[in-house]
Amino acid sequence: MDNVVEDLIIEKIELFKVAPRWLFLKLTTRCGIEGWGEPVIEGKADTVMACVQELQQYVLGRSAMDTEDIWQVLYGGGFYRGGPILMSAIAGIDQALWDIKGKYLNLPVYQLLGGAVRDKVKMYCWIGGDDPSVVLDHAHQKMEAGYSAVKMNATGPMAWISSISEVKKVARNIEVLKKEFGNDLDVGLDFHGRVHKGMVKRLIDELTEFEPMFIEEPVLSENNEALKAIYNYTSIPIATGERMFSRWDFKALLHSGHVDIIQPDLSHAGGISEVRRIAAMAEAYDVALAPHCPLGPISLAAALHIDFTCINAFIQESSIGIHYNQGCDLLDYVVNKEMFDVNEGYLTQPQGPGLGVIVDEDKVRSMATEGHQWANPVWRNKDGSFTEW
């Protein structure tokens with residue numbers, strides 16, 4: 001065992017900021033095994049990078065076998081805890097540690113987490129953009145690519161109390177899909193926290209007849225108390241959680257009973273170690289899991305290992321072809337692109353050791369020389385007031 005510990009001592013941490021809006025991390029061990037992670041908050045890559053650099057004092061010189069102790073030190077060792085920046089930095093480090101451990105033992109990470117509970121996982125991808133006016137063409141493209149489920153932003157900018165014309169526009173977007181595909185295509189609607197409490201029930205009234213797969217973030221996570229009224233108003237499953245970052249953030253939501261699907265992000269919510277715990281908590285409350293992932297290949301690979309080992313996981317988001325991926329897409333950084341092939345709506349178990357994804361390091365290093373300065377747009381209503389993006 002002493003030889004294992006010595007072999008897996010972390011000797012080097014490298015960070016690569018790459019288009020379209022991602023940050024990759026590479027850990028290198030004494031024996032030469034490398035692990036990859038994806039620590040990033042969209043639009044705050046430099047901030048997360050600085051946080052990783054501050055945390056490296058707790059990682060360098062440690063063995064990757066000490067995954068859990070390292071996680072606890074990274075989370076609690078600095079006194080101030082939680083939040084998007086710290087938890088995203090921890091997430092990327094944690095992913096890379098699991099990647100190393102799996103490669104050393106020549107096993108996929110899901111085997112180290114207890115083994116697979118399913119043979120394949122259903123996948124969905126994005127159609128349309130923030131103004132989903134091209135949803136029909138995009139939906140046809142995705143179904144031809146093997147998907148049977150999609151998601152789109154339900155709305156563009158929305159005022160606190162918006163016009164009936166905006167409400168009708170939201171309904172028309174999903175109506176078009178239902179008329180074209182019927183029940184052969186599952187459609188998730190992402191409210192993206194753009195809708196304030198006073199408009200949610202009116203939107204639900206318009207959407208119910210089109211039977212969306214779920215409505216996501218009907219209100220911002222800081223307003224989760226509003227989910228009680230929404231939950232009791234509709235039979236459409238309610239999903240949320242992409243802007244929640246630890247089991248403590250999810251604790252009150254799960255206890256309230258006003259959510260059907262939680263969506264922790266493997267690059268935001270503390271990595272594989274923490275999301276596995278969040279998923280187990282959700283299982284105890286009979287709540288489904290659908291990991292959030294509009295990010296890169298390492299984050300998606302990490303999410304898949306959670307999907308294959310958590311019984312309450314029912315679908316996985318993919319960013320392949322998402323409208324945010326300008327300049328580079330997920331597969332551009334992957335050698336074994338077949339890992340992410342979708343067949344009849346499903347993706348099969350990763351077969352390689354560790355996370356299973358083989359990162360094209362030459363491509364990463366080349367793109368890191370250009371970097372990126374991605375930031376989400378700032379939207380305003382017609383009256384000039386700020387509105388949620």
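This is a predicted model: local features need pLDDT of at least 70, side-chain atom pairs count only at pLDDT 80 or more; totals for chains, interfaces and linings use all residues.
Figure 1. Glu 217 sits in the loop between β7 (214–216) and α9 (227–231). Its backbone is worth a look too: phi is near 45°, a positive value in a residue other than glycine.

**Figure 2. Asn 106, a loop residue with positive phi.** Here the view moves to the loop between α4 and α5 (109–112), where Asn 106 lies. Asn 106 is not a glycine, yet its phi is positive, at about 60°. Is Asn 106 buried or exposed? Its relative accessible area comes to 55%, so Asn 106 is exposed, the threshold being over 50%.

**Figure 3. Where helices α4 and α11 pack.** Helix α4 (residues 84–105) packs against helix α11 (residues 271–284) with 6 Å between their axes and an angle of about 100°. That angle makes α4 roughly perpendicular to α11, because the label covers 65 to 115 degrees. On the α4 side, the residues that meet α11 are Ala 91, Asp 94, Gln 95 and Trp 98. Their partners in α11 are Gly 271, Ile 272 and Ser 273. Sorted by class, this contact of α4 with α11 holds three nonpolar, three polar and one charged residues.

**Figure 4. Helix α11 and what follows.** Which residues of α11 are buried? They are Gly 271, Ile 272, Ser 273, Glu 274, Val 275, Ile 278, Ala 279 and Ala 282. After α11 comes Asp 286, with a positive phi near 60°.

**Figure 5. Ser 318 and its surroundings.** Ser 318 has its place in the loop between β11 (316–317) and β12 (346–348). At 0% relative accessibility, Ser 318 counts as buried. Which residues beyond four places in sequence is Ser 318 in contact with? Met 123, Tyr 124, Cys 125 and Trp 126 are among them, along with Tyr 147, Cys 293 and Leu 300. The side chain of Ser 318 also has a polar atom 3.2 Å from the backbone nitrogen of Ile 320. As for Pro 291, which is 27 residues away along the chain, its C-alpha is separated from that of Ser 318 by 9.6 Å.

**Figure 6. Helix α12, buried from end to end.** Helix α12 (residues 297–309) is mostly covered, with 13 of its 13 residues buried. From its first C-alpha to its last, α12 reaches 19 Å, close to the 18 Å expected at 1.5 Å a residue.

**Figure 7. Asn 173 inside helix α7.** Asn 173 is part of helix α7 (residues 164–181). Its relative accessible area is 11%, so Asn 173 is buried. A polar atom of the Asn 173 side chain lies 3.3 Å from the backbone oxygen of Lys 169.

**Figure 8. A cis peptide bond at Pro 20.** What is the peptide bond from Ala 19 to Pro 20, cis or trans? It is cis, and omega is near 10°. Pro 20 belongs to the loop between β1 (10–18) and β2 (22–29).

Key:
Residues are numbered from 1 along each chain as its sequence is written. Side-chain values use heavy atoms; hydrogens and water are left out. Helices (H or I, at least four residues) and strands (E, at least two) are DSSP runs, numbered from the N terminus. The expected span of a helix is 1.5 Å times one less than its number of residues. Buried means under 20% relative accessible area, exposed over 50%, partly exposed in between (1.4 Å probe, protein chains only). A polar contact is a pair of N or O atoms within 3.5 Å; within protein, one must be able to donate a hydrogen and the other to accept it, and residues adjacent in sequence count only if both atoms are side-chain atoms. Axes are lines fitted to C-alpha atoms, for helices over the stretch in contact, and angles run from 0 to 180 degrees between N-to-C directions. Angles under 35 degrees count as roughly parallel, over 145 as roughly antiparallel, 65 to 115 as roughly perpendicular and the rest as oblique. Contact means heavy atoms within 4.5 Å. Ala, Val, Leu, Ile, Met, Phe, Trp, Tyr, Cys and Pro count as nonpolar, Asp, Glu, Lys and Arg as charged, and the others, Gly among them, as polar.
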